[in-house]
Amino acid sequence: MALVIGVDIGNSTTEACVADIGPDGSTGYLAGALTATSGVKGTADNVAGVVKVVQEVLGRARRDPAELAAVLVNEATPVISGLAMETITETIITESTMIGHNPDTPGGAGLGVGTTVAFGALGTCAPGNTVICVVGAGTDFEDAAAGINAAAARGVTVTGAIVHADDATLIANRLRSPIPIVDEVTLVDKVPLGMPAAVEVAEQGRTIRTLSNSYGIATIFDLDPEQTRMIAPVARALVGNRSAVVVRTPSGDVADRRIPAGTLTLIGEHARRSVEMDAGAREIMRTLRRVQPLVDAAGEPGTHVGGMLATVRDTMSELTDSAVDGVRIRDVLAVDTFVPQRVTGALAGEFALENAVALAAMVRTSHGPMQALAQRLREALEVEVLVGGVEADMAVLGALTTPGTDRPVAILDLGGGSTDAALATSGGVVRSVHLAGAGDLVTKLIDSELGLDNRELAEDIKKFPLAKAESFFHIRMEDGTARFFEEPLPTEAFARVVALSDAGLRPVPTRHSLDKIREVRRSAKHKVFVVNALRALEQVAPGGNLRQIGFVVLLGGSALDFEIPDMIAEAVAGLGIVCGTGNVRGSEGPRNAVATGLVASHAAARSLGVAVGS
């Protein structure tokens, strides 16, 4: 018996399978292991990760490293995926004409219209004046309330207030006549004074109606049609807020300006087409289908898309020690999304959701520096290291150890940077394709659309179900069921949406509802994994006909997701395809397919007396 280990070096993880192989090819699988890939797949940096996983799998099998006959590694061609967010529109407000944000506790309710006046000058206002009081930093809430009450007693109509501190409720509770108050305005000293203004605060559980409506603003300030068109971005930026302020200045100007998103040029074997990034993801992907198979892609110099593609090329060039002009973009995936953008000219750190296109691009070299890596591994492990087996072929062999599968079978390897597919026909022919966009892109979409700026939290939202902590002893799951606890929940989770992570309840610090977060999560997964699964299967299926595929086995880390396999299975259900998550060797789930395939291939060659690897 010969003790061998198959090692699959992937984009995100490195997996190993250890087995005893007899002279006749009989195989006794002993154990599997997994660790994070060190460095970029297919480079000398992988040595540390391979050494670690080999030691771990030998430990699990309780075998001595001295017994090891060979380590089998796949032909790990480097695959680099780059991501970029292309903002198509941006709200620009000059002369600081708006404040629109959601302080946790605005005061009062309703709509107030008047002329802005500083709190210190409130006492000089003549009776009959209609004003909006601007309360600056350092003013005590009791003094502010007393000053507003005194002005009202003199006949001054105070219709609203703009406050620097978090004092809106404290001030409102001390007023004889309630008014709408917006607080936590950090740049209150920049609010223009002596200008017409409107303050609106909605009741709890509601959002503003007038200042988020272009015609509502036009009515208040008596705007003409051209001015109304110019103010539209302000109204759009205020949609969904509970409170807002709009101040009109004589020289104020609002512009909704286009950002040069750049032109993407797609070069196929027989055609070359260009598409504007601001045409949206659907048009980009339609153009891609017209030129497939893709040979290369280029971005317009001086734009974001040009810079992103250039960075991907430079990275691959350094990894493979090849010329930049020799690196080719093999696939792109465009996804329509929204990105919270800071509103230029606003006074309270306002953000507006702007249209954007997320672009994933992938480059793949024809041959990675595998021989150099193999030599480094021989030195580190002090054992024979054999490089052999096309990755797609090995994945298919591993997937076929899933009980209930047979050829023709297609595999979908759902990873972090790319979605890979391969089809093995009844005659043994294997076709494969590698597409840009997978788990990393989903995480990026969730992070950007929810405005989290927290990659780790976005990853948890992607991987785990959500719930709402409705009391200290129970949560409401996203499917509507309740779950009770004997011990009180952490205080930071109370009344918040939480992700049910392996480490416990992970609060999501956002005002988005559970339904909204769930919608963003599922939409991101559909736009990346379901779209990529269908276009990958179309490219490997005979004649592009998915009905020619009998079985689809889902592999990779993302196949462990609690909803992605069901979403893909539902998408192909009407085509007569049996689709599900793989269970390699009947025990490993969707992991370890390539490593298992390497061992199976080595065993088959050994039974035939064929030399294996190089």
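Let me begin with helix α12 (residues 514–540), which lies across β24, β25 (474–477) and β27 and runs at about 170° to β24. Angles here run from 0 to 180 degrees between N-to-C directions, and axes are lines fitted to C-alpha atoms, for helices over the stretch in contact. Helices (H or I, at least four residues) and strands (E, at least two) are DSSP runs, numbered from the N terminus.

A word on the source. This is a predicted model, in which local features need pLDDT of at least 70 and side-chain atom pairs count only at pLDDT 80 or more, while totals for chains, interfaces and linings use all residues. Residues are numbered from 1 along each chain as its sequence is written, and side-chain values use heavy atoms, with hydrogens and water left out.

Now to the sheet. Which order do its strands follow? The sheet is open, has 5 strands in the order β26-β25-β24-β27-β28, and its pairing is antiparallel; two strands pair if DSSP finds at least two bridges between them. β26 (482–484) and β28 (504–507) are the edge strands, each with a single partner strand, so one side of each has no neighbour in the sheet. From one strand to the next, the twist averages 40°. Strand β24 (residues 466–469) and strand β27 (residues 497–501) run antiparallel and are joined by 3 bridges. A467 has V498 in β27 as its bridge partner. Helix α11 also packs on the sheet, where α11 touches β27 and β28, and the direction of α11 makes about 125° with that of β28.

I turn to the partner of that helix. Helix α10 (residues 439–449) packs against helix α11 (residues 455–463) at an angle of about 110°, with the axes 8 Å apart. The two helices are therefore roughly perpendicular to each other, a label for angles of 65 to 115 degrees. Residues of α10 including V442 and I446 meet residues of α11, among them A458 and I461; contact means heavy atoms within 4.5 Å. By class, this contact has 4 nonpolar, 2 polar and 6 charged residues. Ala, Val, Leu, Ile, Met, Phe, Trp, Tyr, Cys and Pro count as nonpolar, Asp, Glu, Lys and Arg as charged, and the others, Gly among them, as polar.

Finally, the chain as a whole. The protein chain contains 14 helices and 30 strands. Of its 614 residues, 51% count as buried, that is, under 20% relative accessible area with a 1.4 Å probe, protein chains only.

Notes. Parallel < 35°, antiparallel > 145°, perpendicular 65-115°, else oblique. Buried < 20%, exposed > 50% of the residue type's maximum accessible area, 1.4 Å probe, protein only.
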